[in-house]
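I had this model open on the screen and wanted a few notes to keep. Here is what I looked up, in the order I got to it.

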Amino acid sequence: MGQQISDQTQLVLNKLPEKVAKHVTLVRESGSLTYEEFLGRVAELNDITAKVASGQEKHLLFEVQPGSDSSAFWKVVVRVVCTKINKSTGIVEASRIMNLYQFIQLYKDITSQASGVLAQSSTSEDPDENSSSVTSCQASLWMGRVKQLTDEEECCICMDGRADLILPCAHSFCQKCIDKCPCSSNENMKKAQC
């Protein structure tokens with residue numbers, strides 16, 4: 001029976017637009033993630049970025065923002081700080097704070113890209129080929145992805161428009177969806193809570 005439900009869910013996901021299916025998968029994954037698994041992924045990203053940044057000047061470091069994981073509702077309030085550091089000077093060049101959903105997106109992006117690069121660099125004998133592959137994974141490029149994730153809050157209804165309003169519960173809506181909502185009068189929006 002459990003397998004039937006899973007197969008049915010997968011069938012529905014396959015029919016959804018790619019962006020919506022990706023969102024559903026990420027939400028489902030974050031829902032089943034344990035705290036220990038989350039910490040393991042933070043450590044894994046640090047290991048991967050250290051391996052890929054070997055011999056490069058810049059490096060990414062991921063850490064849980066102190067105190068953001070101390071609540072029973074850690075999945076809602078936890079924040080991961082991504083810092084780009086110049087290894088030779090020790091100077092922090094950039095820093096961004098991500099929520100759990102953004103972190104999971106970045107984790108998937110980096111592990112997917114890095115696995116190909118690390119596999120290619122271990123099998124290739126041509127140093128120029130390795131250099132160009134590793135260049136495609138520089139800390140600056142990944143930090144650009146972090147910036148994109150943290151800058152582009154999308155509407156949680158249509159997942160297409162840029163969020164114009166972010167409620168205290170962290171749900172964000174575009175103006176088009178706000179206008180369609182029957183409870184979107186200014187008074188109701190001020191009181192909105194999930």
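This is a predicted model: local features need pLDDT of at least 70, side-chain atom pairs count only at pLDDT 80 or more; totals for chains, interfaces and linings use all residues.

The entries below go through the sheet, the helices on it, the salt bridges and the aromatic rings.

**Entry 1**

I started with the strands and found 3 of them in an open sheet, ordered S1-S2-S3, with antiparallel pairing. Which strands stand at the edges? They are S1 (58-64) and S3 (92-98); each has a single partner strand, so one side of each has no neighbour in the sheet. From one strand to the next I get an average twist of 20 degrees.

Next I went through the pairings. S1 pairs with S2 (residues 80-86) over 7 bridges, in the antiparallel sense.

Is Thr-150 buried or exposed? Its relative accessible area is 16%, and the cut-off for buried is under 20%, so Thr-150 counts as buried. Leaving out residues up to four places away in sequence, I list its contacts as Arg-96, Ile-97, Met-98 and Gln-102.

**Entry 1: salt bridges**

Background note: side chains of opposite charge can pair when their charged atoms come close. How many salt bridges are there? I count 3.

Glu-57 and Lys-58 meet through their side chains at 3.8 Å, N to O. Both are partly exposed: Glu-57 has 46% relative accessibility, and Lys-58 has 22%.

Lys-58 also meets Glu-93 in a salt bridge, at 3.0 Å, N to O. This pair links distant parts of the chain, with Glu-93 in strand S3 and Lys-58 in strand S1, 35 residues apart. I have Glu-93 down as partly exposed, at 36% relative accessible area.

Glu-93 has a salt bridge with Lys-84 too, where the closest N and O atoms are 4.0 Å apart. Lys-84 counts as buried, at 12% relative accessibility. Through shared partners, the salt bridges join Glu-57, Lys-58, Lys-84 and Glu-93 into one network.

**Entry 2: aromatic rings**

Before looking at the rings I reminded myself that a pair is described by the distance of the centres and the angle of the planes. My count is 5 aromatic pairs. For Tyr-35 and Phe-38 the ring centres are 6.2 Å apart and the planes are at 40 degrees, so I call this pair tilted. Both residues lie in helix H3 (residues 35-52), 3 residues apart, which is about one turn of the helix. Tyr-35 is partly exposed, with a relative accessible area of 24%, whereas Phe-38 is buried at 0%.

Phe-38 also pairs with Trp-74: centres 5.3 Å apart, planes at 35 degrees, so this pair is tilted. It links distant parts of the chain, Phe-38 in helix H3 and Trp-74 in helix H4 (residues 74-77), 36 residues apart. Phe-38 and Trp-74 are both buried.

Which residues make up the aromatic cluster? I wrote down Tyr-35, Phe-38, Trp-74, Phe-103 and Tyr-107, which form one cluster.

Technical notes:
Residues are numbered from 1 along each chain as its sequence is written. Side-chain values use heavy atoms; hydrogens and water are left out. Rings of Phe, Tyr and Trp (its six-membered ring) pair if their centres lie within 6.5 Å; planes under 30 degrees apart count as stacked, over 60 as edge-to-face and the rest as tilted. Helices (H or I, at least four residues) and strands (E, at least two) are DSSP runs, numbered from the N terminus. Buried means under 20% relative accessible area, exposed over 50%, partly exposed in between (1.4 Å probe, protein chains only). Two strands pair if DSSP finds at least two bridges between them. Axes are lines fitted to C-alpha atoms, for helices over the stretch in contact, and angles run from 0 to 180 degrees between N-to-C directions. Contact means heavy atoms within 4.5 Å.
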